[in-house]
Number of protein chains: 2
Amino acid sequence: MGGGRARVSCAVTDGGWCACVRRVSVRRTHARRARTVVNASSNVRRNPNMAQLKAGYLFPEIARIRTAHLEANPDAKIISLGIGDTTEPIPQAIVDGMVAGAAALGTKAGYSAKGGYGAEAGQMELRAGLAEKFYAGTPIEKTDVFVSDGSKCDISRMLQMFGTGRKIAVQDPSYPAYVDSSVIMGNSTGFDDATKQYQNITYMPCNADNDFFPDLSKAKNSELIFFCSPNNPTGAAATRAQLTQLVNQALETGSFIIYDAAYSAFIGNDDCPKTIYEIPGAEKCCIETCSFSKYAGFTGLRLGWTVFPEALKFSDGSSVRQDWNRMMGTSFNGASNVAQAAGLACLTDAGMKGMKDLVAFYKENAAILKSTWEEMGYKVYGGTDAPYVWVSFEGRDSWEVFTEILQKTDIVVTPGAGFGPAGNGYVRCSAFGSRENINEAARRLKEKFSK
Amino acid sequence: MGGGRARVSCAVTDGGWCACVRRVSVRRTHARRARTVVNASSNVRRNPNMAQLKAGYLFPEIARIRTAHLEANPDAKIISLGIGDTTEPIPQAIVDGMVAGAAALGTKAGYSAKGGYGAEAGQMELRAGLAEKFYAGTPIEKTDVFVSDGSKCDISRMLQMFGTGRKIAVQDPSYPAYVDSSVIMGNSTGFDDATKQYQNITYMPCNADNDFFPDLSKAKNSELIFFCSPNNPTGAAATRAQLTQLVNQALETGSFIIYDAAYSAFIGNDDCPKTIYEIPGAEKCCIETCSFSKYAGFTGLRLGWTVFPEALKFSDGSSVRQDWNRMMGTSFNGASNVAQAAGLACLTDAGMKGMKDLVAFYKENAAILKSTWEEMGYKVYGGTDAPYVWVSFEGRDSWEVFTEILQKTDIVVTPGAGFGPAGNGYVRCSAFGSRENINEAARRLKEKFSK
């Protein structure tokens, strides 16, 4: 520690809030002095919300375990049915549009048209195309559609916009970004080791007993209700009647639904709406987020969108869309122009066909996985209107099952408990994979896990 | 209002915190009932932090005024010296790398290598390249470098990671995202119309009297100090001695510096460091954010990075980098793979030369603008080690000057007050533009604004 420098240590540690300010009585005369300063830690306290989070975010954690398995078993031919990551090339018509968009940035005219800062909410041509292709017949207009770098990013940003101290409800199990981002924004008071739930967040169990549609009455006092259909991870697609019940309750209690439609292209059942805005009144209580990730293989390219309808108002009558616009303008600079070029190519006839074929391919994979587990004697859910197959291990610890599957077959699945406590006893198998890998996974599973 | 439904209206309006929960005594029996529900506003209160923000974010506001001017004057040939947006094509060697990266996503092998979800912190090859090209000779390692979709986005995310109730200090004037993102995260108690400052945020005036380097003692009690060099908007590049003073104070008081180096490629003066990590001890107190936007014309492509050194610790001794890693894993999914391909191409010899030439071109523009104003009899700052020329209008209202310039010359500049109250009396001219436009702007200005 530098001479003449008083360092007042702080009594509050371990993520607690510390208001103390170190008093310093230093006269520093030249730069060299600083090299002698020992400053092992700063005076900046850690955000206690960050300290609440358990371990790592789910998928990086699984990637870490996969890497460790591979290091211990260098010859293992790992097949990932874990993170829902696309594996097939982007359809050629879409790649062509993207390449043309990229090449144009090397020309005067192309750069002048789309090279520089774009609108934070996305190119209007793309917003209009999304409204036309995905929201025709609903009250949604192009100016309600905000293009972004993906749903996960938008979920974090919208929780930042809503601010701290919100009453959040989630399906249990659900995509972990809902809860983790809520915790970061201070919407929980801490993790409860007994229930495996974050306090102050309402968990609505979805399991075989309720056909994976929750008891919504648990969320009557919630302000923001996350709802994903087709659901990640259970694969359950909600019916029109169920979504009507969801929307009606929100209209009555005055809550907002944050509806995650990232997998709606996988819906085949006509009784399951592809957007929440098919439900009357949804434009007054629902935000819908969606993405090209699973439609066109854009998981790495990054392009999604979120809908904030004009009719959505805060309790003071002010516009939610207007705050979102301000939020995006302040914390975002638009999705990559090359990704937007690819997005426009998605909306052409050839692009739409490419996406349809790609989704059909992954649905066939899902059917193979589903029938594999069924033939082996397991209870299996999802996999029909979703790329996820949700396999019951009847009360077993899901991390234990995950580990057993990895060790016996070199297959990475996702432990159900990673999506919430009600996911324990299940594992999620993702249908994203080459046909060769899916067939090989089916073979290995049959060999080692048949009942 | 639906029959049988009691709607309790809330007495707290206008962005106030409202804890009331509507009591509903409804028995809803079928979906049709919802269509009769009138729900003009919800029960979700507006975030009072969002309500604190003044008008729109600066640059969308200016874009709006520009559009209005064009509508009123359809024949106007507008030249923008406003938002610092690049205008020249991306260097061909970089475009070639980007196009190859995009095309590869249409092939099995290419998609398999880089098509799917990437690491949230960026491809390690790119992180290593950034560390090598920009941080050689400093303590920064590749694992300290986090690739992202840009500095503005990272600033918002890092304020989210730090959480609410922070003591923030900024140079005045400065890039508006620092203050606006701080306000969104609840680090201010409101806007003071008299001082034109957000309360609880420390403004450190930078003006001609202090040679645009602030009195740092004002920030002795601050936790997070934003510092931008070369500065946006004043164009001032801090010297080694000045940055040493900044780092030493932070080490002594235990605060963190968030150092914005987005324009450091424009530095020509050898006495001005290109990264804060040239200063001894900076790795213990500084986060540095940077971007390809102004180096390679990536404003629309979106690729930047932020450095969180391993030695940076919270007051409890825990790792800031580790929290940032968790933050990025939860709220981000990696920069676009095509943008990362372009970033890798930037780091080749041909890419580095392309960037150097591009920066030199914009610096020539800056020199033209600077000498134009000087010849016209104005006091002018910046424009030597930065792409911004900061023109004094000696106490005049800067929005008024902005409007006068727009109306008389069809040139968009940026009013200094948009960057903070100490910016009033100045306008910022951006050197991003074609040579033809810069010369034409110089001609128009000389015609209408010569003293």
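**Reading strands, sheets and a whole chain**

Student: In which sense do β2(A) and strand β10 (residues 304-307) of chain A pair, and over how many bridges?

Tutor: They pair in the antiparallel sense, over four bridges. Two strands pair if DSSP finds at least two bridges between them. Strands (E, at least two residues) and helices (H or I, at least four) are DSSP runs, numbered from the N terminus. One such bridge joins A:Val145 to its partner A:Val307 in β10(A).

Student: What should I know about the model and its numbering?

Tutor: It is a predicted model, in which local features need pLDDT of at least 70 and side-chain atom pairs count only at pLDDT 80 or more, while totals for chains, interfaces and linings use all residues; side-chain values use heavy atoms, with hydrogens and water left out. Residues are numbered from 1 along each chain as its sequence is written, and chains are lettered from A and ligands numbered from 1 in the order in which they are written.

Student: What is the strand order in the seven-stranded open sheet of chain A?

Tutor: The order is β2-β10-β9-β8-β7-β3-β6, with mixed pairing. At the edges are β2 (145-148) and β6 (201-205) of chain A, each pairing on one side only.

Student: Which helix packs on that sheet, and at what angle to β9(A)?

Tutor: Axes are lines fitted to C-alpha atoms, for helices over the stretch in contact, and angles run from 0 to 180 degrees between N-to-C directions. Contact means heavy atoms within 4.5 Å. Here, helix α6 (residues 151-162) of chain A packs on the sheet, and its direction makes about 150° with that of β9(A).

Student: What does the open sheet in chain B look like?

Tutor: Four strands run in the order β11-β12-β15-β14, with antiparallel pairing. Its edge strands are β11 (380-382) and β14 (414-415) of chain B. β14(B) pairs with β15 (residues 426-430) of chain B over two bridges. There, B:Thr414 stands opposite B:Arg428.

Student: How many helices and strands are there in chain A?

Tutor: Chain A has 14 helices and 15 strands. Its radius of gyration, taken over C-alpha atoms, is 24 Å, close to the 22 Å of the globule rule (2.2 Å times the number of residues to the power 0.38) for 451 residues, so chain A is as compact as a globular protein of that length.

Student: What share of chain A counts as buried?

Tutor: Buried means under 20% relative accessible area (exposed is over 50%, partly exposed in between; 1.4 Å probe, protein chains only). Of the 451 residues of chain A, 61% count as buried.
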